[in-house]
Amino acid sequence: MAKGVWIVAEQRDGALRKISFELASTARKLADQTGDEVSAILLGSGIESLAAQLGKYGVDKVYVGDSPALEPYVTEAHAAAVAKIVKENDPAILLLGASVQGKDLAARLAGKLATGLATDCTDVKIADGKLLAVRPMYAGKCFGEIVTGSNPQIASLRPNVFPVAENAKAAQVVKFDPAVDAAQLKSKVLEVQKDTSGKVDLTEANVIVSGGRGMKGPEGYAILEELADTLHGCVGASRAAVDAGWRPQKDQVGQTGKVVSPNLYIACGISGAIQHLAGMSSSKYIVAINKDAEAPIFAKADYGVVDDLFKVVPELNSACKKLLA
Amino acid sequence: MNIIACVKQVPDTEAQIKVKADGSGIEEGQIKWVMNPYDEFGVEEALRLKEKNGGDVTIISVGPARAMETIRTALAMGADKGVHVCDPVLDKADAYVTAAALAAVIKGMPYDIIFCGQRAIDDDSGQVGAILAEMLDIPQLTIITKVEYAGSTIKAIKPIEGAQLLIETALPCVVTAQKGLNEPRYASLPGIMKAKKKPVDVKNAAALGIAVEAKAKVVKTIPPPARAAGKIICGDDPAQKAVEVARLLREEAKVI
Ligand SMILES: Cc1cc2nc3c(=O)[nH]c(=O)nc-3n(C[C@H](O)[C@H](O)[C@H](O)COP(=O)(O)OP(=O)(O)OC[C@H]3O[C@@H](n4cnc5c(N)ncnc54)[C@H](O)[C@@H]3O)c2cc1C
Ligand SMILES: Nc1ncnc2c1ncn2[C@@H]1O[C@H](COP(=O)(O)O)[C@@H](O)[C@H]1O
C-alpha cells in the first residue's frame, strides 16, 4: 500500500533553495498527521553533502541520486530519476515546489506516473486520510479543493507561502542509481545566462516595490529602486509599464506575468486592474500609493496613501531608513 | 513542417467569477469567452514558423460547442485546419484527460512541433503541455520566450528564477508559450471570411478511445478568502503620511 510523504528537493549551483525547506516543513506536518515518514529526493551532481540540511526541517530519509547527467536540470533526466525511485517505494504523497523547475517536473511526473497533480497550492491538509490540496484558480478569483484518486497524490506548493519550521532529525541518507545516461538525453542546456543584478527573483522576494503607469517613464523607477534597496526587496511592474518598455518582462506581476507572495507588496502608481491583482493578492501585506482615491488597488490594500507617489515614496524611503538604522 | 497549436477557450481576463452556491463550480452565464492568452502566443509562433519554413498549422481544442469559435479565431489568424474534440463526458476533464484526448488526436497525424500555452488562465494548472509530451514520448520545453528553428532541432530561451537558459532540443517536441515569445496578430477581415471555409474535424471521446475519469478532481470550488478592510492614511502632508505607513509596517504588520 502506498505510504509516506515525499518531497522533491530543489538545489541549484550546489545549494538547496528555500522552497526545499518549505517543502520539508510542510511534509513533516502532513506526515505527523498520518503517522508516516518524510522522505526527500535530492538530485544533481556532487550534491550528497546537502542531504543533511534537509534533516533539520524534519526529513527522515534522503534519497540521493548523484550523476553528471542530472546537472544542469533537464526535464527528461530528472523525471526519469524521480519516477524510478517513486515506483520502487510507492509513496502516498509527493510534494514539489511551484518554482519554474518544480512546475516543469511535476507536470511531467503526473504524465509519467499517470496520476493527479494540484499545481501552485496555497494550502495542503489531510482529510479522510487523503491529501486535500487548496489552490487558486481563475487567477485567484476563486479557489479549488483538489483530491487525487491515485498515488502518488502530487501537489506543487507556491513558493513563499508555506512556513519553514525547524524540526531536527538525523536524516538517513540513501544513495540510489538514477540510471540516466547523459548521451541519451534529447535536450541540452547550452548556456546559462545569469542575471547579474544580484537580486533574488520576484517569486522569492520578501518585499516587492512595484510601479505602474503612474511612474511616468523608466527614470521614475529610481525612487522605487532606492526604497527596495532600503527594504532589501526587489522592484516589480505592472503590464502597462512592461509593455511601454520601461521595465523588462521578467518584472511583470499579474495574470500574464509572475504570481508573487511577498510579505510586503508596495504598489505605486498602479490602478489595480483585475489582471494585476491576480498576481499579487496572496501577498501578506499590501500598501497602495496612488493619487486617485477611487483606484481599485485600495480595496486590496492593508494601508493606502492617496497622494502623489513622487512625493510619498522618497519620504517613505527616509522614514524606513530611520526605523531600520 | 507540420505544426500543431493546442488552444483552450477560457473566460476573458476581465470576467467576474462567481462561485455556485453549492460549491460545484462557477456560474458561466455572464462570461465572455476568449482564446487563452498564452495560446495566442503559441498560434502566432506556429504561423511564423510556417511562414518561414513552409508547412501546415493544425489547431486542436478540447471543449464544448462554443470552443469552435476559438478554433475559428485561430483559423482566421492564418492556421490551416482544426480538430474539435467535443463531448459532454469531457466537461469535467482534468489536465490528464485533456492531454490524453490531445495525444489521441495527434498520434494519428504527422507533427514536428506542438505549441501549447504555458498555462490556461481558467484552471491555471500549467500541466497539459508536459503531460502531452510524456504521452507522445517526446521532449518538452516549458515557459518559453524565444524559439529558433534549426532543422532537426530547436533552440529556445527559458527564463528561470534569476537567469535565462538557452536550451537545445531534438524535434519533435512540445513548446509551451510564455508572454514575450511574440506579439500575436489580429485576425484580418479576409482572414475571418476564409476561416469559415477551412476544415474542422469534430470528434467525440469514444472515437479517440480514451478514459475520461479525471485523476485530479476539484471536489469543491470556494470564493477567495476575504481581505479585511484596509486603512487609508489621512492627512495633507505626504511626509507625515509616509512616516505613519513606515510606523504601521514596523509596529503593526511587523514586515520591515
Ligand atoms: C489578457 C490580459 C492580460 C493582462 N495581464 C496583466 C498582468 O499580468 N499584469 C498587469 O499588471 N496587467 C495586466 N493586464 C493589463 C491590465 O488590464 C491593466 O491595463 C494594467 O494592469 C494597468 O497598469 P497600471 O495600473 O500601471 O496603469 P493604469 O491602469 O493606467 O494606472 C495608473 C495609475 O497610476 C496612478 N497615478 C498616476 N500618476 C500618479 C502619481 N503621480 N502618483 C500616484 N499615482 C499616480 C493613476 O491614478 C492610476 O491609478 C492584462 C490585460 C489583459 C487584457
Ligand atoms: N481543453 C483544451 N483543449 C486544447 N488545448 C488545451 C486544453 N486545455 C489545455 N490546453 C493546452 O494546454 C495549455 C496549458 O493548459 P493547463 O495545463 O490547463 O493550464 C493551454 O494553454 C493549451 O495550450
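Me: Is α3(B) mostly covered or mostly uncovered?
Reply: This is a predicted model. Buried means under 20% relative accessible area. In α3(B), the buried residues include A95(B), Y96(B), L102(B) and I106(B). Eleven of the 13 residues are buried, so by that cut-off α3(B) is mostly covered.

Me: What span does α3(B) reach from its first C-alpha to its last?
Reply: α3(B) has 13 residues. At 1.5 Å a residue, 18 Å is expected. The model comes close to that, with a reach of 18 Å.

Me: At what angle do the axes of α3(B) and α4(B) cross?
Reply: Two packed helices are described by the angle between their axes and the distance between the axes. Here the partner is helix α4 (residues 128-136) of chain B, and the axes come within 8 Å. The crossing of α3(B) past α4(B) is right-handed. The angle is roughly 45 degrees.

Me: Which residues of α4(B) does α3(B) meet?
Reply: On the α3(B) side, the residues include A95(B), A99(B), L102(B) and I106(B). An α-helix has 3.6 residues a turn, so residues three or four places apart point the same way.

Me: Why is α5(A) described as roughly parallel to α8(A)?
Reply: The partner is helix α8 (residues 309-324) of chain A, and the two axes come within 9 Å. α5(A) passes α8(A) in a left-handed crossing. Angles under 35 degrees count as roughly parallel. The axes cross at roughly 20 degrees, which makes α5(A) roughly parallel to α8(A).

Me: Which residues is T230(A) in contact with, leaving aside its neighbours within four places in sequence?
Reply: T230(A) lies in helix α5 (residues 221-230) of chain A. T230(A) counts as buried because its relative accessibility is 12%. Residues of α5(A), including L227(A) and T230(A), meet α8(A). Beyond its sequence neighbours, T230(A) is in contact with N317(A), C320(A), K321(A) and L324(A).

Me: Does S99(A) count as buried or exposed?
Reply: S99(A) sits in the loop between β6 (93-97) and α4 (100-112) of chain A. Not counting residues up to four places away in sequence, S99(A) touches E10(A), P159(A) and E161(B). Its relative accessibility is 5%, so S99(A) counts as buried.

Me: What percentage of the residues of chain B count as buried?
Reply: Chain B has seven helices and 14 strands. Its C-alpha atoms fill a box of roughly 65 × 45 × 40 Å along the principal axes. Of contacts between residues at least 6 apart in sequence, 70% join residues at least 24 apart. Of the 256 residues of chain B, the buried share is 55%.

Note on methods. Residues are numbered from 1 along each chain as its sequence is written. Chains are lettered from A and ligands numbered from 1 in the order in which they are written. This is a predicted model: local features need pLDDT of at least 70, side-chain atom pairs count only at pLDDT 80 or more; totals for chains, interfaces and linings use all residues. Side-chain values use heavy atoms; hydrogens and water are left out. Helices (H or I, at least four residues) and strands (E, at least two) are DSSP runs, numbered from the N terminus. The expected span of a helix is 1.5 Å times one less than its number of residues. Buried means under 20% relative accessible area, exposed over 50%, partly exposed in between (1.4 Å probe, protein chains only). Axes are lines fitted to C-alpha atoms, for helices over the stretch in contact, and angles run from 0 to 180 degrees between N-to-C directions. A crossing is left-handed if the near helix is turned anticlockwise from the far one by less than a right angle, and right-handed if clockwise. Contact means heavy atoms within 4.5 Å. Angles under 35 degrees count as roughly parallel, over 145 as roughly antiparallel, 65 to 115 as roughly perpendicular and the rest as oblique.
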